[in-house]
Structure formats: C-alpha cells, structure tokens
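User: I am new to reading protein models, and I would like to learn how to describe one feature at a time. Could you take me through the structure shown here?

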Amino acid sequence: DHVATPFVCVVQHDRTLLRACPILELVRGMEANRWCKYIGLPTKKTQDHKPYVFNKYGIRIEEQPLGDSGLTVLPLLQWYDSTHIMDTEHYRKFVFEKTGGRQDRAGWVRVAAGSFIE
C-alpha cells in the first residue's frame, strides 16, 4: 500500500548495474503490452537462457517484441529475484498475496514469471 506507481524496479543490494539500462523504454513497452508483467535484467545466469531451456527441457522459446521500442523479451521458465521491473499490482498478487501468492505456496519466490531482456 506504500507504492503508488504502476511499476516497481527492484534492485538487489548485491547487484550492480554495469551499463546503461533503458528503463523508461522497458516501462513504456510494458504499458503498451499488458501481457508483460515482469522483466528481469540480464545476469550471467540468464545470458544463455534460450539454449539452456532447450537443452534441459526440449522447449524452444523465442524473443517477443516489446511494442515499438525495438527491444525484445524472452520468456523465463522460472523466477529470478535479481534486478527486475514488475507491474506493481501483479507484484502484490503474485508475490505478496497471503492466500494463493508465492509466499503462501513456497515461502520463497522461485517460480515461472514473465520475461527478460535479450
């Protein structure tokens, strides 16, 4: 209830942004494409996400355009709690809701959610 913005950017205390990030373009893309509720910024773990998913699960995932921004996002098969941008209302329901939210089921947030910048 303390957050009044439609999106939040969560930055982990032990993560550093090493390059410029087009946050405004990402948020505009999320506004224009309401299916995109979560964008995790790339990490070493997610750099090879596409071949990792195919090799481990046999599932092909493809980049999706994020509106007219020229940016693309790639579906993730699990939640990464590293630096990310997320729709605030979705965050409230998906993460913090006491009945049916991720905390209720797992005690920790590690489940399928959204997309990541390619």
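Analyst: Let us begin with a single side chain, bearing in mind that this is a predicted model. The side chain of His49 comes to 3.5 Å from the backbone oxygen of Pro75, and His49 itself belongs to helix H2, which covers residues 49-57.

User: Is His49 buried or exposed?

Analyst: The idea is to look at the relative accessible area, where a value under 20% counts as buried. His49 has a relative accessible area of 3%, and therefore it is buried.

User: How should I read the overall layout of the chain, and how many helices and strands does it have?

Analyst: One lists the elements and then follows their order along the sequence. The chain contains four helices and six strands, and reading along the sequence gives the pattern β-α-β-α-β-β-β-α-α-β. Of its 118 residues, 35% count as buried. If we take the contacts between residues at least 6 apart in sequence, 70% of them join residues at least 24 apart.

User: Which residues does His84 contact, leaving aside its neighbours within four places in sequence?

Analyst: For a residue like this, we first find its element and its burial, and then list its partners. His84 is in strand E5, residues 84-87, and at 1% relative accessibility it counts as buried. Once the neighbours within four places in sequence are left aside, His84 is in contact with Val8, Cys9, Val10, Tyr38, Ile39, Gly40, Leu41, Trp79 and Tyr91. The side chains of His84 and Tyr91 are also joined by a polar contact of 3.3 Å, while the side chain of His84 reaches the backbone oxygen of Ser82 at 2.6 Å.

User: Tyr91 brings us to helix H3, so which residues of H3 are buried?

Analyst: In a helix, we ask which residues are buried and then how they are arranged around the axis. In H3 (residues 88-96), the buried residues are Thr88, Tyr91, Phe94 and Val95. Viewed down the axis of H3, these buried residues fall within an arc of 130°, so they line one face of the helix. At the start of H3, a side-chain oxygen of Asp87 comes to within 3.1 Å of the backbone nitrogen of Glu89.

User: What is the volume of the largest pocket, and what is the volume of the largest cavity?

Analyst: For each space we give a volume, the residues that line it, and their classes. The largest pocket has a volume of about 520 Å³ and is lined by 17 residues, with Thr16, Leu18, Arg19, Pro42 and Thr43 nearest its centre. Its lining consists of eight nonpolar, five polar and four charged residues. The largest cavity has a volume of about 50 Å³, and among its 10 lining residues Tyr38, Gly40, Leu41, Thr46 and Tyr80 lie nearest its centre. The lining of this cavity divides into five nonpolar, five polar and no charged residues.

Notes
Residues numbered from 1 in each chain as written. Predicted model: local features only at pLDDT ≥ 70, side-chain atom pairs only at ≥ 80, totals over all residues. Heavy atoms only, no water. Helix = DSSP H or I, 4+ residues; strand = E, 2+ residues; numbered from the N terminus. Buried < 20%, exposed > 50% of the residue type's maximum accessible area, 1.4 Å probe, protein only. Polar contact = N/O pair within 3.5 Å; in protein donor to acceptor, adjacent residues only side chain to side chain. 1 Å grid on protein atoms, 1.4 Å probe; cavity = no way out; pocket = protein on both sides within 12 Å on 5 of 7 lines; lining within 4 Å. Points joined across faces, edges and corners; volume = space filled by probe spheres on them. Nonpolar A, V, L, I, M, F, W, Y, C, P; charged D, E, K, R; others polar. Arc of directions from axis to C-beta. Contact = heavy atoms within 4.5 Å.
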